[in-house]
Amino acid sequence: MQAFQDQIAGNHCYGCGPDNDKGLRIKSYWSGDNESVCRFTPSSHHSAGPAHYVNGGIIATLIDCHCVCTAIAKGYQLAGREAGQGEPIWFATGRLEVDYKRPVRIDREVTLKAEIVEVAEKKTILSCVLLSGDEVCAEGRVIAVCVPNEW
């Protein structure tokens, strides 16, 4: 199974772009009809002030990019096409809310689980949890907005 991000041509995003060799390069996959999963292993340069925790901005980026790429993949599904086929479908962040529940240790893989809550013509609303082990460390809500290809 190919990751959503690897099916989006010309994606240079810091968080999810396979074309950005300095980025996080996350990989997201379907885990249900309206659910997706992403696993990410932080590196030492992703640290917060205390070097053993992940920076909050990195956590927000992981949630944001995982959800936006899930919205893009859903957009292709609803258009009856494989992701990346035909005219590109792009979504961008319209709103991002993150609730930080507990620090995220930098020495462990994290798992992100996104769920599509609502789909409208020009926007998709998603909820997401970021887990370290079995602990929920952050929760997010993303409104992904469909943008024109010129974007």
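**Strand pairing.** I began with Lys113, whose bridge partner in β5 is Val129. This is a predicted model, so I note the limits: local features need pLDDT of at least 70, side-chain atom pairs count only at pLDDT 80 or more, and totals for chains, interfaces and linings use all residues. Residues are numbered from 1 along each chain as its sequence is written, and side-chain values use heavy atoms, with hydrogens and water left out.

I looked up the terms next. Helices (H or I, at least four residues) and strands (E, at least two) are DSSP runs, numbered from the N terminus. Two strands pair if DSSP finds at least two bridges between them.

β4 and β5 are antiparallel, with 9 bridges. A hairpin of 3 residues connects β4 to β5. I then followed β5 into β6: they run antiparallel and share 10 bridges. Leu131 has Val136 as its bridge partner in β6. The hairpin between β5 and β6 has 2 residues, and Gly133 in the turn shows a positive phi of about 65°.

Tyr29 has Val37 as its bridge partner in β2. β1 and β2 form a hairpin with 2 residues between them. β2 also runs antiparallel to β4 (residues 110-119), over 6 bridges. There, Ser36 has Ala114 as its bridge partner in β4.

How many residues of β5 are buried? I take buried as under 20% relative accessible area, exposed as over 50%, and partly exposed as in between (1.4 Å probe, protein chains only). The count is 7 of the 10, so β5 is largely enclosed by the rest of the structure.

For contacts I use heavy atoms within 4.5 Å. Beyond four places in sequence, Leu112 contacts residues including Val37, Leu62, Ile63 and Leu130. Thr111, also in β4, is buried at 13% relative accessible area. Among the residues that Thr111 contacts outside four places in sequence are Arg39 and Leu131.

**Helix α1.** Thr61 is in α1 (residues 56-78). Thr61 counts as partly exposed because its relative accessible area is 21%. The Thr61 side chain reaches the backbone oxygen of Gly57 at 2.8 Å; a polar contact is a pair of N or O atoms within 3.5 Å, where within protein one must be able to donate a hydrogen and the other to accept it, and residues adjacent in sequence count only if both atoms are side-chain atoms. Leaving out residues up to four places away, Thr61 touches Tyr14, Gly15 and Leu24.

Lys74 is also in α1. Lys74 is buried without a salt bridge, and Asp33, the nearest side chain of opposite charge, is 6.7 Å away. A salt bridge needs a side-chain nitrogen of Lys or Arg within 4 Å of a carboxyl oxygen of Asp or Glu. Lys and Arg count as positive and Asp and Glu as negative; His and the chain ends are not counted.

**Phi check.** Arg25 is not a glycine, yet its phi is positive, about 55°. Most residues other than glycine have a negative phi. Arg25 sits in the segment before β1.
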